[in-house]
Amino acid sequence: MFNLIKKDLIIQKSQLFLFIPVIVFFAIFGGHLSPAVIFLAASTYIPMNGYIYDERVESNIFLNSLPYTRKEIVAAKYIGGIVYMIISMGIAGIILYLFNYSYIIKDIAIAAGLFFAFAAIAFPLFYILKPGYIGTAVLIGFIFLVVVMPPIIRFLGKHLTAITEFFTSLSTTTLYLTGSVIAIGLYLISWLFSQFIYQRKAF
């Protein structure tokens, strides 16, 4: 399974050279952005590119000819997603620090939670949608999560005062723990769902 996880890194050698310049660009010109958005973009870079590459070359046909079970193939994607999220956030954190782009641990925690929530929705799409539609769907979903969702949350928070008061009554620790449990729970459910779909998919 380790080789399956490593595969996404190997096949993206050329694209990985763009990763650091992109983060540097954000560090220099993205002063108006929340650090959480930058960490989120960094964390999704390798996993999403890996899925899109697999879709483009139809690597699932090849993977299913190897001595791996379909459970292992799906597991490698989800475990690899976590591994690459941690590595990418670490690299992004170092770059932002070197360019004096201020951030705090809370920004990383928020980005990690958003990654789990976004991946929980995006990853199964690669097993459901037909090739050619996946990249577009993921891009739209990412834009929705980063651009559209925050104003919606602010609107709901402003007009649904009962919900706002409930959340403000909770401690910061409780909020983060609850958010973490929900995000990770969604990721695990997504993992099981993707496994269910992939087991029954014909190639």
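**Labels and the values behind them**

Reply: A place to start is S88, which lies in helix 5. The model is predicted.

Me: Why is S88 called buried?

Reply: Buried means under 20% relative accessible area. S88 has 2% relative accessibility, so S88 counts as buried.

Me: What does S88 touch, leaving aside its neighbours within four places in sequence?

Reply: S88 is in contact with F19, A42, S43 and I46. Of these, S43 belongs to helix 3.

Me: What makes S43 buried?

Reply: The cut-off is again under 20%. The relative accessible area of S43 is 0%, so S43 is buried. Not counting residues up to four places away in sequence, S43 touches M85, S88, M89 and F115.

Me: Why is K6 called partly exposed?

Reply: Partly exposed is the range between under 20% for buried and over 50% for exposed. K6 is at 34% relative accessibility, and therefore counts as partly exposed. K6 is placed in helix 1. The C-alpha atoms of K6 and G80 are 8.0 Å apart, and the two residues are 74 apart along the chain.

Me: Why does N100 count as exposed?

Reply: Exposed means over 50%. N100 has 72% relative accessibility, so N100 counts as exposed. N100 is in the loop between helix 5 and helix 6. N100 also has a positive phi, about 55°, although N100 is not a glycine.

Me: Now the helices. How many helices and strands does the protein chain have?

Reply: The protein chain has nine helices and zero strands.

Me: Why is helix 6 called roughly parallel to helix 9?

Reply: Helix 6, residues 105-128, and helix 9, residues 172-199, pack at an angle of about 20° with axes 9 Å apart. Angles under 35 degrees count as roughly parallel, and that makes helix 6 roughly parallel to helix 9. Their crossing is left-handed. Among the residues in contact are F115, F116 and F123 of helix 6, and Y187, F193 and Y198 of helix 9. By class, this contact has 17 nonpolar, three polar and one charged residues.

Me: What makes helix 5 roughly antiparallel to helix 9?

Reply: The axes of helix 5 and helix 9 come within 9 Å and cross at roughly 150°. An angle over 145 degrees counts as roughly antiparallel, so helix 5 is roughly antiparallel to helix 9. Helix 5 passes helix 9 in a right-handed crossing. Residues of helix 5 that meet helix 9 include R70, K71, Y78 and I82, and those on the helix 9 side include Y187, W191 and Q199. The contact has nine nonpolar, five polar and three charged residues.

Me: Which residues touch the most other members of the largest nonpolar core?

Reply: That core has 40 residues, and I23, Y78, F115, F123 and Y187 touch the most other members. Helix 5 gives the most to this core, with eleven residues. Leaving aside neighbours within four places in sequence, F115 is in contact with L40, S43, T44, P47, G81, M85 and Y187.

Me: How much of the protein chain counts as buried?

Reply: Of its 203 residues, 34% count as buried.

Conventions: Residues are numbered from 1 along each chain as its sequence is written. This is a predicted model: local features need pLDDT of at least 70, side-chain atom pairs count only at pLDDT 80 or more; totals for chains, interfaces and linings use all residues. Side-chain values use heavy atoms; hydrogens and water are left out. Axes are lines fitted to C-alpha atoms, for helices over the stretch in contact, and angles run from 0 to 180 degrees between N-to-C directions. Helices (H or I, at least four residues) and strands (E, at least two) are DSSP runs, numbered from the N terminus. Angles under 35 degrees count as roughly parallel, over 145 as roughly antiparallel, 65 to 115 as roughly perpendicular and the rest as oblique. A crossing is left-handed if the near helix is turned anticlockwise from the far one by less than a right angle, and right-handed if clockwise. Contact means heavy atoms within 4.5 Å. Ala, Val, Leu, Ile, Met, Phe, Trp, Tyr, Cys and Pro count as nonpolar, Asp, Glu, Lys and Arg as charged, and the others, Gly among them, as polar. A nonpolar core is a set of buried Ala, Val, Leu, Ile, Met, Phe, Trp, Tyr and Cys residues joined through side-chain atoms within 4.5 Å. Buried means under 20% relative accessible area, exposed over 50%, partly exposed in between (1.4 Å probe, protein chains only).
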